[in-house]
Amino acid sequence: MNAVVRPLGGPGVRGRLVVGGLVLSAVTALVAGCSEDAGRCGPAPVEDVFRSDLYGTYEGPHGARLTLRDNGDNTVGFAVTDWPESGDPEILDKKTAAFDGDGTWRIDGGPGKGDRIGLQFEDGRPERAGTPVDQLQVGRRDGHIVLFDQLGDPDVCRVFELTRSP
C-alpha cells in the first residue's frame with residue numbers, strides 16, 4: 001500500500017488561504033461601503049469650497065431633500081423635505097419619521113479634514129424622536145459635489161449621502 005503524505009501547510013492550502021483572504025477583504029469593503037483609502041468612510045472630502053459651489057437641491061435616502069440657497073441679503077438659507085427626525089443608522093435601511101423645515105447654514109472646516117455644512121434649524125420646530133442630521137461633510141464622487149455624514153459606529157461605514165439634483 002502506497003500513501004502520499006503532504007504537509008498541511010502545502011502550496012495548495014497556502015494558495016487557497018491567500019485567495020480566500022483576498023476575497024474576504026473585497027467582500028468586507030463592499031459591505032462596509034468604505035472608500036479605497038484606508039480609514040476613510042464615504043466620498044473623498046473636499047476643502048476650500050465656496051457657498052456658491054453648493055447652492056442647489058440634493059437628494060438622499062427615502063426621499064430626503066435639502067435645498068441650499070442664497071437669501072440675497074448676504075445670508076444663506078436652506079429648506080428640507082422628508083428629512084429624517086433622527087441621525088440613527090436605521091434611516092439608511094428604511095423610511096423613518098421625517099419632517100419638513102428650514103433655517104440657515106454655514107461652511108465649517110478644518111485643515112486636512114475637509115469642509116462641512118452646518119444646518120441651523122429654525123426655532124419652534126415640533127418635538128422629534130431624536131436629533132436630525134445637522135452636519136454634512138462636503139465630498140466629491142465621480143467629479144460631482146455630494147454631501148454626506150457617517151452615521152453610528154465609526155468602525156462600521158454607514159453613510160447618509162445626498163447627491164445634487166440635475
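**Note on the salt bridges and the cavity**

1. In this predicted model, Lys95 has a relative accessibility of 45% and therefore counts as partly exposed, the limits of that class being 20% and 50%. Asp82 falls into this class as well, at 37% relative accessibility.

2. Lys95 and Asp82 form a salt bridge in which the closest N and O atoms are 3.6 Å apart. This pair joins distant parts of the chain: Asp82 belongs to strand β4 (residues 76-84), while Lys95 sits in the loop between β4 and β5 (98-110), 13 residues apart.

3. A salt bridge also connects the side chains of Asp93 and Arg158, with an N to O distance of 2.9 Å. Asp93 is in the loop between β4 and β5 and Arg158 in the loop between β8 (144-150) and β9 (159-164), so this contact ties together parts 65 residues apart in sequence. Asp93 is exposed, at 55% relative accessibility, whereas Arg158 is partly exposed, at 25%.

4. Arg106 pairs with Asp108 in a salt bridge, the closest N and O atoms lying 3.2 Å apart. Arg106 is partly exposed at 37% relative accessibility, and Asp108 is partly exposed at 28%. The search of the whole structure finds 6 salt bridges.

5. The whole structure contains 1 cavity of 30 Å³ or more. The largest cavity holds about 70 Å³ of space. Its lining includes Asp82 and Lys95, together with residues such as Pro61, His62, Ile91, Lys94 and Phe160. By class, the lining residues divide into 7 nonpolar, 2 polar and 3 charged.

Definitions and conventions: Residues are numbered from 1 along each chain as its sequence is written. This is a predicted model: local features need pLDDT of at least 70, side-chain atom pairs count only at pLDDT 80 or more; totals for chains, interfaces and linings use all residues. Side-chain values use heavy atoms; hydrogens and water are left out. On a 1 Å grid over the protein atoms alone, a cavity is a set of points where a 1.4 Å probe fits but cannot get out, and a pocket is an open set with protein on both sides within 12 Å along at least five of seven lines; lining residues have an atom within 4 Å of a point. Grid points are joined across faces, edges and corners, and a volume is the space filled by probe spheres set on the points. Ala, Val, Leu, Ile, Met, Phe, Trp, Tyr, Cys and Pro count as nonpolar, Asp, Glu, Lys and Arg as charged, and the others, Gly among them, as polar. A salt bridge is a side-chain nitrogen of Lys or Arg within 4 Å of a carboxyl oxygen of Asp or Glu. Helices (H or I, at least four residues) and strands (E, at least two) are DSSP runs, numbered from the N terminus. Buried means under 20% relative accessible area, exposed over 50%, partly exposed in between (1.4 Å probe, protein chains only).
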